[in-house]
Amino acid sequence: MKDLDYHVPQQRTISTQGMGPVSSELDARRQNAVARALSPGLPGYVVAADGGVLVDADGNSFIDFASGIAVTSVGASNQRVAAAVAEAAAQFTHTCFMISPYESYIAVCEKLAELTPGDHAKKSALFNSGAEAVENAVKVARSYTGKNAVAVFDRAYHGRTNLTLAMTAKNKPYKTLFGPFASDVYRVPSSYPLHDGLTGPEAAERTIKVLEQEIGAENLACVVIEPIQGEGGFVVPAEGYLPALVEWCRKNNVVFVADEVQAGFCRSGEWFSVDHEGVVPDVVATAKGIAGGMPLSAVTGRADIMDAPIPGALGGTYGGNPVACAAALAAIEEMETHDLAGRAREMETIIRRHLEPLLELDVVREVRGHGAMIAVELVDGEITGAVAAACKAAGVLILTCGLDGNVIRLLPALTIPENLLVEGLEIMAEAINTQAKERA
């Protein structure tokens with residue numbers, strides 16, 4: 001795997017035990033000034049980041065297997081993105097596209113029409129976050145179909161706003177004590193090959209039966225699905241599941257919405273995770289990796305669907321901010337220049353080479369995923385938490401997920417150097433092996 005150019009040394013260096021003195025001082029300030037609900041996981045406050053490392057205020061350099069939850073796919077300080085941001089900000093930082101339009105917003109929408117699946121006419125609307133993108137995808141679907149119901153899936157995660165919390169499955173920490181939530185949202189079973197043992201068509205038949213019997217196609221505006229689940233456990237549906245759902249939606253005037261917020265923009269080894277099965281959604285919601293760390297999201301869909309809302313019905317003060325749009329165009333150019341989708345596939349080969357031997361351990365259930373979006377499912381959340389803590393202490397930041405908290409998810413930047421990727425994987429494998437020995 002070819003290394004790229006980095007301005008921060010790509011090496012793991014841990015010089016303090018736990019949080020160092022400078023970060024400790026910053027953490028005390030956080031506890032006094034920041035709401036308790038925002039509780040960072042890294043034992044250090046970041047002052048620099050690039051490639052595959054996060055450098056904290058005490059000089060510790062951590063291997064980053066999180067990339068801001070799949071946001072900094074092109075690196076946390078990509079030079080092309082940084083230059084585009086600086087140039088755009090020097091011209092103007094904001095006008096609000098709905099009031100005073102600008103070219104970069106249009107250019108991002110044109111690029112999304114080019115990159116998203118399908119060769120039909122497409123249009124886009126830009127927003128700030130993944131949750132906003134999902135909410136607006138639902139609004140568009142309801143406007144287009146004249147129907148209200150929304151179908152989502154087991155273990156789904158779609159955001160933290162009121163509507164998207166209704167669409168999200170996991171209670172703690174996301175939903176507890178925040179209700180009541182938006183109505184007309186229905187949860188249906190999805191495909192989880194490790195646990196349900198069903199083929200794609202069999203799982204789809206089960207899903208469709210619930211859609212028809214408990215909701216009714218005549219009431220259903222849209223089906224919203226993560227083609228690879230994120231917070232729910234990096235679950236990849238069985239082959240044939242997504243195509244069967246799309247076919248049913250097309251026959252029943254139900255808008256098929258792919259939530260590609262986490263899996264999109266080369267993360268899975270394709271531009272979008274639906275591309276693995278050639279699925280063409282009616283609408284795609286994107287965010288995270290789209291703009292190299294700047295806040296931007298999008299809803300892209302068939303032109304007739306996107307044009308259903310009346311003029312003025314979509315928008316937001318900051319949606320499609322000109323600086324964020326400039327960052328997105330630069331990030332996408334970086335993905336194209338360095339074939340980061342191909343690089344993600346190379347990363348998958350390396351990751352599987354190091355992690356699949358762990359399947360021989362009793363504590364490991366499955367290694368799954370695509371590209372640089374790979375998960376290891378362990379037997380319980382206690383072991384998973386212990387592995388995450390051991391990795392963190394050794395200078396490797398990993399994330400956990402799944403309703404039972406028993407899945408380790410890997411989301412390294414697509415620009416991470418191979419030696420750093422391997423080093424982090426070796427530390428993680430050692431931590432899993434240690435837990436297996438202690439459980440034996």
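This is a predicted model: local features need pLDDT of at least 70, side-chain atom pairs count only at pLDDT 80 or more; totals for chains, interfaces and linings use all residues.

Biologist: Thanks! What kind of pair do the rings of Phe92 and Tyr102 form?

Modeller: Rings of Phe, Tyr and Trp (its six-membered ring) pair if their centres lie within 6.5 Å, and planes under 30 degrees apart count as stacked, over 60 as edge-to-face and the rest as tilted. The structure holds seven aromatic pairs. In the one of Phe92 and Tyr102, the centres are 5.8 Å apart and the planes stand at 65 degrees, so the pair is edge-to-face.

Biologist: Is Tyr102 buried or exposed?

Modeller: Buried means under 20% relative accessible area, exposed over 50%, and partly exposed in between (1.4 Å probe, protein chains only). Phe92, at 34%, counts as partly exposed. Tyr102 has a relative accessible area of 8%, so Tyr102 is buried.

Biologist: Which residues do ring pairs link into a cluster?

Modeller: Phe92 and Tyr102 are both members.

Biologist: Which element gives the most to the lining of the second largest pocket?

Modeller: On a 1 Å grid over the protein atoms alone, a pocket is an open set of points with protein on both sides within 12 Å along at least five of seven lines, while a cavity is a set where a 1.4 Å probe fits but cannot get out; lining residues have an atom within 4 Å of a point. Of the 23 residues that line this second largest pocket, Phe97, Tyr105, Ser124, Ala125 and Leu314 are the closest to its centre. Helices (H or I, at least four residues) and strands (E, at least two) are DSSP runs, numbered from the N terminus. With five residues, the element that gives the most to this lining is S4.

Biologist: And what volume does the largest cavity have?

Modeller: Three cavities of 30 Å³ or more turn up in a search of the whole structure. Arg155, Glu226 and Tyr241 are among the residues lining the largest cavity. A volume is the space filled by probe spheres set on the grid points, which are joined across faces, edges and corners. For the largest cavity, that volume is about 60 Å³.

Notes:
Residues are numbered from 1 along each chain as its sequence is written. Side-chain values use heavy atoms; hydrogens and water are left out.
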